[in-house]
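Thanks for coming, everyone. Let me put the sequence and the structure up, and then we can walk through a few local features.

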Amino acid sequence: MWHHFQYVYGLHLMGHDVLFLEESEDYPSCYHPRSCEMTTDPAFGLSFTHKLFSHFGMGDHWVYCDWHTRRFYGKSESAVRTFLNQADLLLNISGVNPLTDKVSHIPRKILIDTGVGTLIGREIL
């Protein structure tokens, strides 16, 4: 989370209106560090994310879409849609979330590849 947060916080400090968006997909995508298991329970991550963003004065700049339960945490679904409809840049860090219809209209998209050699390896192969 710290890795992704630095981008969100930096852009926020520069005066941009930012939203950290993460989606669960339909598989166990929630890592629990105490049990070292991947689960569908986002409770640990939600608590950490809320504390982190709130500590830096960004308590309302994050959302987690849990597709297992069809619930939104951090912001309502309508608030997320409104934000995405007005967004002029999508910063896709690590390619974690798929680019779905809800973000396809955003005019500028940047991928920050955090997998060492991922893109280079694809080019070579």
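Start with E25. It is partly exposed, at 24% relative accessibility. On the terms: buried means under 20% relative accessible area, exposed means over 50%, and partly exposed is in between, with a 1.4 Å probe and protein chains only. E25 sits in the loop between β1 and β2 (30-32). Strands (E, at least two residues) and helices (H or I, at least four) are DSSP runs, numbered from the N terminus.

A word on the source. This is a predicted model, where local features need pLDDT of at least 70, side-chain atom pairs count only at pLDDT 80 or more, and totals for chains, interfaces and linings use all residues. Residues are numbered from 1 along each chain as its sequence is written, and side-chain values use heavy atoms, with hydrogens and water left out.

Back to the backbone. What is the phi of E25? It is near 65°, a positive value in a residue other than glycine. Most residues other than glycine have a negative phi. C36 is another case: its phi is positive, about 55°, and it is not a glycine. C36 lies in the loop between β2 and β3 (37-39). At 55% relative accessibility, C36 is exposed.

Next, charged pairs. Side chains of opposite charge can pair when their charged atoms come close. The rule for a salt bridge here is a side-chain nitrogen of Lys or Arg within 4 Å of a carboxyl oxygen of Asp or Glu. How many salt bridges does this rule give? Three.

Take K102 and E23. Their side chains form a salt bridge, 2.9 Å from N to O. This pair links distant parts of the chain: K102 is in helix α4 (residues 101-104), E23 is in strand β1 (residues 20-23), and they are 79 residues apart. K102 is partly exposed, at 31%.

Now R108 and D88. The closest N and O atoms of this salt bridge are 3.8 Å apart. R108 lies in strand β7 (residues 108-112) and D88 in the loop between α3 and β6 (89-93), so the pair ties together parts that are 20 residues apart in sequence. Both partners are partly exposed: R108 has a relative accessible area of 47%, and D88 is at 46%.

Then R81 and E77. The closest N and O atoms here are 2.7 Å apart. Both residues lie in helix α3 (residues 77-86), four residues apart, about one turn of the helix. R81 is exposed, at 52% relative accessible area. E77 is partly exposed, at 33%.

Stay with α3. Which residues of α3 are buried? V80, F83 and L84. They cover an arc of only 95° around the axis, so they are on the same side of α3. That arc is taken from the directions from the helix axis to the C-beta atoms. On the other side of α3, R81, N85 and Q86 are exposed. The buried residues of α3 pack against β1, β4 (62-66), β5 (71-73) and α4.

Last stop, N92. This residue is in strand β6. N92 is buried, with a relative accessible area of 14%. What does N92 contact, leaving aside neighbours within four places in sequence? N97, L99, I110, L111 and I112. Contact means heavy atoms within 4.5 Å.
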